[in-house]
Every structure is written in structure tokens, then in C-alpha cells.
Amino acid sequence: MEDAQTSHRDIHFDGAKNVRDLGGLSTGTGRLIKQGLIIRSDGLGRLTGADLERVRNMQLGSVVDFRFASERQNNPDRLPTPQPRTHLISFIPDGSIELFRKTNEGDLTPENAHLMMCQNYAGIAKNHAPLLREFLDLISDAENLPCLFHCTSGKDRTGVMAALLLRLLGVPMEDIVEDYVLSNRLHQPVDIFRPTARAETVAVVMSAHADFIHAFFTGIEQAYTSFETFAAEVLDVNQMRLDAMHGLFLA
């Protein structure tokens, strides 16, 4: 398990704050995820010229952007030329808009915000299964690798997709959670909260609490009996495909 304050998988950018390689994480059988193949990030709209050179050196096969059109319009990605293929898989967990509204009204307590975050995460797999499957299909194609995937802060949408992939690759749950909570260290500011929002409630909404990612997997088990059933019947990841993914991503 990694120290939550330091990660040898961190990738330094001047204009992005929450960037790290999933490579180097170990599976339960001791195999390592290949380095430089799967990168998770927050928004790319503030990348500097030096950052663009860093991205160019990654030789990305694709970038996956989970943001909505309005988010992309307000802060479009900066990418080097020639640009890697960009795939748009736009979603936000159901309940998030209501959560943001209640936060901005100033009446939502931190405790209730925490509960709403857990509820929102618990519904992601059931409410957004086709998009989860689309992402897995995309990164399972070697032509799209290396792949960098991101949202705005690199915490919720990106965090769920990273956790899902790590679980399929056999990374132990404690290490999946550890990777998720690393997003508490740094991420880019967001502009969705008003002065009327309580600072302590905003802090909860913007946190990467272990309870949230646990809720995601608990929601899967409650809706589909087990993670394995969800993977096979909903994500179309049977044993043959799982073996192929292991061969692609694991050293």
C-alpha cells in the first residue's frame, strides 16, 4: 500500500494537479500493471507548453473525456499536435445536480452531503452501465493505448472508472481505495459552488472519501448479486475477455 501523501506513480504537470499512472499497482497474484499504459487525470485545459511536451512524450493512443459539453466549452482540453484521438463519454452520477443545488442553497450539512455522495456512487453502475461498458471496450483495444482518461477534478467520474478497471485486473480492494483517496491531495478548482454554499459541505462534496468508492462497489453487489455477475452479464467481460485484458494490461 502506498503512502497517501507520496506516490511513485505521480505524473507532474504544471497545469494539471491530479495525474497519476495506474501502472505499477500490483494484483492479488503479484503481477504488476504495465507502466505508461493507463493514465488518470483531472482537466487538461490549463496545460502549459512544457506540459504539452510531456503529453507528447507519452505517445498517447487516445484521450477519454468524461465531461459534458458545457464543461468542455468552459475549459477545453489543450493537447499537443498531432492530437491523440479523443473519445467523449459524457456522464455525471445521478443525483449530483441535486447535490450541487442543495449545497449552493447553504442548508445542506456535511453529514447529509456525505450520505448523498454515498447514495450517488451506489447508483453509478446501475444508472450508467452502458457508459462503463463503452469505456472498457475502448481501452481494451490496443490501438487506443496508452490512454489518458479524465473529467474535471479527476476524482468522481475518473475515480470510478479507474476503480472499475483495477478491480477487473485483480488489484486488491485496499489498494483500489488507496488510489482513489490520493485525489484528496490536489485537484483543480471547480466553479460550480456559490458564496452561499457552506465551506465544510463543499469540502465533503469535493473529497475522495473511502466510503464513496466502497459505496460504488456495494451498489454493484446489491443490484447484481456480485461483482463477477455484473462484469459478465452487464459489462460483457467473460473469462475469455478477462484473460485478454490481463494479457494486455499486466506485465
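**Salt bridges in a predicted chain**

Good morning. By a salt bridge I mean a side-chain nitrogen of Lys or Arg within 4 Å of a carboxyl oxygen of Asp or Glu. Helices (H or I, at least four residues) and strands (E, at least two) are DSSP runs, numbered from the N terminus.

Please note that this is a predicted model, in which local features need pLDDT of at least 70, side-chain atom pairs count only at pLDDT 80 or more, and totals for chains, interfaces and linings use all residues. Residues are numbered from 1 along each chain as its sequence is written, and side-chain values use heavy atoms, with hydrogens and water left out.

Are R40 and D179 buried or exposed? R40 is buried, with a relative accessible area of 0%, and D179 is buried as well, at 2%. Here buried means under 20% relative accessible area, exposed means over 50%, and partly exposed lies in between (1.4 Å probe, protein chains only). R40 and D179 also belong to a network of salt bridges that includes R9 and R20.

I turn to a second pair. The side chains of D10 and R185 meet in a salt bridge of 2.8 Å, N to O. D10 lies in the segment before strand 1 (20-21) and R185 in the loop between helix 8 (173-181) and helix 9 (199-205), so this pair ties together parts that are 175 residues apart in sequence. D10 is partly exposed, with a relative accessible area of 35%, and R185 is partly exposed at 25%.

E98 is partly exposed at 33% relative accessible area, as is R101 at 38%.

How many salt bridges does a search of the whole structure find? The search finds 16.

Finally, the chain as a whole. The chain contains 12 helices and 5 strands. Of its 251 residues, 53% count as buried. Along its principal axes, the C-alpha trace spans about 50 × 50 × 35 Å. Thank you for your attention.
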